[in-house]
Amino acid sequence: MRPLRLGGVLIGITTVPTGGGTAGGWFSEGRVLLLAMRGDFCWPPAGTSHGHQRRLFHGHGQADDPSRLVPNPARRKADKEVRRARAEIASAEAEEGRAALLGMATDNDVAQAFAEARAELARLEQQARAIPSKLALSKVRPGAARVDDERKRIHDAVRMAVYNAESALARLLAPHYARAEDEARSLLREAYKSPGDLEVVERQLHVRLSPLSSHRRTRALAALCEALSATETLYPGTDLVLVYSVKEQ
C-alpha cells in the first residue's frame, strides 16, 4: 500500500497480523499503525474544523430536512451538570456514612453544606427541565447535509481500521504494561504525539521516539517498538525496513 494522506497529514502505513477480517481494500494486508508525521495519529487530524472534516470525506452531500428534530446540545450540557452534582453529593454522603459508622457525629457546618448542595442540585434539575430536549436541525446545525452513502462507507472503513489497529497495539502492550487494561489507549495516544527522529540507515528507516511521561510508560513503549521492529515491515512504496526504538533518557 502507498502512504495515505488525510487532510494534509501524511500517515505511515505498516502492517501487523490481527487475526481478524479486513476493513476495506486499503487495509486488506493489515492495519494502520504507530507512525504519524506532521500531526496526531487520529481521525480527524488535530485542528481540523468540522466543515473541513465534512469536505474531506463527505463532500457536499444531500440537503437534510431542516425541520428534523435532533438532540439539543444545551440540554445535553445541562444534564451533564446535573449528573456531576448528583455524583458529588453521593460521594460526600458515602464519606459521611463511613464517618457515622466510626461514631463521628455530623456537625452543623456539614449539615448546612449538604443542604446547600441539595438546593443547588434542585436548581440545576429545574433549569435542565426548562431546556427542550430536542430542537429543529436548522437551529443546531444550519446548512447540514446528509452524507452520501459511498463516502460514508469510506469514512467508516477508515475509522474502523484505525480503531482495530489501535486495539492490536494495545494487545501488544499488555504483557509489558501492568495497567494496560485501563491505560493502554492513553499510553498510545501519548506515543502518537511524542516527537521523534527519522533516519535512513542503509536499507532501514529508523523511527526513534522520545521518552514518555513516566519510566514505566517508556519501558512499555520500548517493548512495543521491539515487537513492531521484529515484524520487519517495509515502509510502503519503498524497500526500507521500519525499525522502531525509544531514545535514551
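A polar contact here is a pair of N or O atoms within 3.5 Å; within protein, one atom must be able to donate a hydrogen and the other to accept it, and residues adjacent in sequence count only if both atoms are side-chain atoms. The views below come from a predicted model, in which local features need pLDDT of at least 70 and side-chain atom pairs count only at pLDDT 80 or more, while totals for chains, interfaces and linings use all residues. Residues are numbered from 1 along each chain as its sequence is written, and side-chain values use heavy atoms, with hydrogens and water left out.

**View 1. H206 in strand β9.**
Let's start with a single side chain: H206 is found in strand β9, where strands (E, at least two residues) and helices (H or I, at least four) are DSSP runs numbered from the N terminus. The side chain of H206 makes a polar contact with the side chain of Q204, at 2.9 Å. H206 counts as buried because its relative accessible area is 13%; buried means under 20%, exposed over 50% and partly exposed in between, with a 1.4 Å probe and protein chains only. Leaving aside residues up to four places away in sequence, H206 touches D197, L198, E199, V201 and V243, contact meaning heavy atoms within 4.5 Å.

**View 2. The sheet around β9.**
Zooming out, you can see three strands forming an open, mixed sheet in the order β8-β9-β10. Its edge strands are β8 (196-201) and β10 (241-246), each pairing on one side only. On average, neighbouring strands of this sheet are turned by 20° against each other, direction ignored. Two strands pair if DSSP finds at least two bridges between them. Six bridges join β9 (residues 204-209) to β10 in parallel, and Q204 has V241 as its bridge partner in β10. β8 and β9 pair in the antiparallel sense, also over six bridges, with V207 of β9 as the partner of L198.

**View 3. The hairpin turn.**
Here β8 and β9 form a hairpin with two residues between them, and E202 in the turn has a positive phi of about 55°.

**View 4. Helix α7 across the sheet.**
Helix α7 (residues 215-229) lies across β9 and β10, running at about 165° to β10. Axes are lines fitted to C-alpha atoms, for helices over the stretch in contact, and angles run from 0 to 180 degrees between N-to-C directions. Buried residues of α7 include L221, L224, C225 and L228.

**View 5. Helices α5 and α6.**
Helix α5 (residues 149-173) and α6 pack at an angle of about 110°, with their axes 9 Å apart. That makes α5 roughly perpendicular to α6, a label for angles of 65 to 115 degrees; under 35 counts as roughly parallel, over 145 as roughly antiparallel and the rest as oblique. Among the residues making this contact are Y163 and L173 of α5 and A184 and Y192 of α6. K193 is found in α6 (residues 180-193) and counts as exposed because its relative accessibility is 56%.

**View 6. Helix α2 and its ends.**
At the start of α2, a side-chain oxygen of N72 reaches to within 3.0 Å of the backbone nitrogen of A74. Just after the helix, G103 takes a positive phi of about 90°.
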